[in-house]
Amino acid sequence: MPHRPNPRPGRTIGDHGVIGNLDTAALVAIDGSIDFMCWPHLDSPTVFAALLDPEQGGEFSVTPDLDGARRRQLYIPETNVLCTRWMSVQGSVELADFMPHPETNARVPRSVVRRIRVSRGTVRIRACCRPRLDYAKCVPEVAWYGDSVVFHDGAHALRLGATVPLVMGDGEASAEFELERGEEAWFVLCDEECDPLDAAECRVALETTAEAWRGWTRRSNYRGRWRERVDRSALVLKLLTSHSHGSIAAAATFGLPEATGAGRNWDYRATWIRDASFTVYAFMRLGYVEEAEHFRQWTEARIMALDEGAALRVMYALDGHEAMAEGTLDHLAGYARSQPVRIGNAARKQTQLDIFGELMDSIYLSNKYGTAISHAGWAHVRRLVDHVRERWGDADEGIWEIRDEPRHFLHSRLMCWVALDRAVRLAGKRSLPGPVVEWAGERDRIAEDIWENFRHPEHGYFVQARGGRDLDASLLMMPLVRFVSATDPVWLKTLDAIGEQLTDDGLVFRYRNADGLEGGEGAFTTCTFWYVECLARAGRLHEAREIMARGVLYANHLGLFSEELSLLGEPLGNFPQALTHLAFISAAYYLDRQLSHPEGLVWQP
């Protein structure tokens, strides 16, 4: 494909904030452009994808005519209402972006609302809405609908309204206008069948949306050292959580590369089962029991829907159906010309035995702190536990979803141990029927296998795969799931080896050995916070706090984490990444408790 110059070479993955309505989300760049959005749901086709192709992808830009303007971006505190500011000698402009919160009862609940306000001077502004529907497969037709404009391609349609005059163009609608100090203009993008909100309705929607987010944020029980960052991480997780289904997407995007110029460009707009325990744990720790319960109901429904002999899937669509098959969008240039741009995910067909451990951990925690499991639900759980008893010795593709020959990964073996351990604990706690003695015996056999066959032959620390020598950052889960004491000598050797071989300035790499994929990859942001928590649990609080300080610096200007980081510490991969925000919450919670009790460590589960 011929080279396509990027007209905005400075716009990177990290140069964005995210807004949403618990059904879909949009990325807003620091230059005021919405350059990534799927509609009407998070896993629907894109309507804006300039982040993946500046020429063809489509975007909704706002450009004040201000020479040498300095740009700033911030969230209204405790909300997901995003403000972008331009400040120059000539004047100042603020753009507020949001989607109405579902609890506000706005007349048009599914819409993107943009308010442009001048706070100093008189400023001329140009706004241009250039959607490219259905993954930018064609330029839509544009037609008037009263004072608003409709974009349609035959199968999809969107409608744009504004409080300033619009001008139609080829596949776009624009407006050029001048605002004086204190004046404002509103733009509303919504479904074709809806009349866009008027200015008065927009003001009410902004006020009630902000208040709904504030009310939710203030339910958190975290008051520690990293409160604002923890609140932001919780707000990100909430944005990625489906209001209708209770599922949580791994990220808001697809196709953003783990290594530029290579093929590691995956789609994360689905729900991975392994995120269940992390999600439940994070929400419950912060006091968001309703969200944890909603997610538990979603996972229970997946278990109950399994046919006899059917295996639990690695991932699901947000509505609980089978996740989309992997395909490519070859007409898109890709972020930093990284192709192919993938939608769907072939990992949906992989064997990843670790998912049973994460699922059982979430079920155990939900029963411990939330609603007790039903008799029918327990019957289905028993089937899953028996499946683990039979299959724990198999090779699989593992947590990192390698596209190579299956291996015997320690992390997968560890999580099979977790599945059996939590089943034994839950049966005892709730007096539930089941072959507990057999489960406990199989659990202990897994533990013996790990201790005997997953150690470095010379140094004795734990290794990635059976009989191997390589390390893997997923080993950091071993003390976090209580398989091994955080101060066990063998574990401390492992922790030191990970620090020596897989870390750099707070960056933590997943592994160093081959994984069957082209090119290298960046450091995995989630692993940084697993590492922090392991250091804290080992009593090495000064180290933990230093790595934490380095780790939070790798968030972007709004406190959002990408999936990975380049060797220069630049954001890579899909964004924002739910798993990283979950890991950060856990690390911040545990480390803060330990630092607050210098006279002695505080035990935490």
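Modeller: Two strands pair if DSSP finds at least two bridges between them, and helices (H or I, at least four residues) and strands (E, at least two) are DSSP runs, numbered from the N terminus. This is a predicted model, in which local features need pLDDT of at least 70 and side-chain atom pairs count only at pLDDT 80 or more, while totals for chains, interfaces and linings use all residues. Residues are numbered from 1 along each chain as its sequence is written, and side-chain values use heavy atoms, with hydrogens and water left out.

Colleague: How many bridges join strand β12 to strand β13?

Modeller: Strand β12 covers residues 148-152 and strand β13 covers residues 157-162, and the two run antiparallel. The number joining the two strands is 4.

Colleague: Which strands stand at the edges of the open sheet of 8 strands?

Modeller: The order in this antiparallel sheet is β6-β7-β8-β9-β16-β13-β12-β11. An edge strand has a single partner, so one side of it is left without a neighbour in the sheet. The strands in that position are β6 (70-75) and β11 (141-145).

Colleague: Is N105 buried or exposed?

Modeller: N105 sits in the loop between β8 and β9, and its phi is positive, about 60°, although it is not a glycine. Buried means under 20% relative accessible area, exposed over 50%, and partly exposed in between (1.4 Å probe, protein chains only). Because its relative accessibility is 69%, N105 counts as exposed.
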